[in-house]
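Subject: Structure handover

Hi,

Here is the structure we talked about. My notes on what turned up are below it.

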Amino acid sequence: MLAISIVVPLYNEEESLPELCAWIERVMLDHKFTYEVIFVNDGSKDKSWKVIKELSQKNPNVKGVSFSRNYGKSAALHVGFQKAEGEVVITMDADLQDSPDEIPELYRMITQDDYDLVSGWKQKRFDPLSKTIPTKLYNAAIRWMSGINLHDNNCGLKAYKKEVIKTIRLYGEMHRYIPVQANWNGFSRIGEKVVQHQARKYGSTKFGIERFLYGLLDLLSITFVQKFGKRPMHLFGGLGVFSFMVGLFITLWLIADKVYSIANHIPFRNITDNTWFYLALVAIIIGSQLFLAGFIGELLTMNSDRTTDYQVREEF
């Protein structure tokens, strides 16, 4: 039985791959782990895929997947998770900022301490303030919205039980919220380990400041999807019925007020001359549209599942 699958998403990391692979191999041999390393080439423009092929010829434990274009880290992890066969799955970045020396302890926490998921925490970082300060604010927002007390949701170094990653669906920037998805899927034993963060040795970061905006939008998206993704009618239909009933109540109130005025010979205006009539009309229209949106959402939920289709050019 394969003990560990190491999933490494990468984009233009040809310089670091040989060193990372040798480092992983040394750690695995020292601890006598059976393992596989799955490099997922996310449409790199350099020679990364050629390097991965060369590494696989030297080490049969090295496997590779190459996308036809750049899809992003979530897509790379999703495909790597599908391919992984180890009982414990470790994810790490390819830039040598994550240390393979952390793997044995992460493995122990999963297999002996019975955690479903263990997330790395880069307590001491070698990143500029322009990256660390937004990251801290971002992590605080995730803790507040999800209730999961992790200091570093975005740390690439994580360990999972195999059954956890097989329930995760990743797209967009959802890789930041794997612990959130795992918790909502019933895997609530989530731990954290302080890990060493190393300065980047080769190249430069592939992520810009826009990732925080995209990440925030995806946080809102995943919150909605997890709560209402399988039952959109509960949200849209509920809001639609509420809006429709408000509009209907106002309309009935206007009619009753006019009938009362006529019966008591009180001067009155036509209903269509009253501002409240148009507010009621808008509420009824919006309510009907929201209800229809919920109905269409239910149909799409039952008949479509194509959010994780990625074009793989080559794999071995």
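Strand β4 is covered on both faces: V88 and I90 on one side, V89 and T91 on the other, are all buried (under 20% relative accessible area, 1.4 Å probe, protein chains only; exposed is over 50%, partly exposed in between). Strands, like helices, are DSSP runs (E, at least two residues; helices H or I, at least four), numbered from the N terminus.

Before you dig in: this is a predicted model, where local features need pLDDT of at least 70 and side-chain atom pairs count only at pLDDT 80 or more, while totals for chains, interfaces and linings use all residues. Numbering starts from 1 along each chain as its sequence is written, and side-chain values use heavy atoms, leaving out hydrogens and water.

What does β4 pair with? With β1 it pairs in the parallel sense over four bridges, and with β6 (158–161) antiparallel, also through four bridges; pairing takes at least two DSSP bridges between strands. V88 stands opposite I4 on one hand and K161 in β6 on the other.

I90's contacts (heavy atoms within 4.5 Å) include I4, I6, I103, L106 and L157, leaving aside residues up to four places away in sequence.

Cheers
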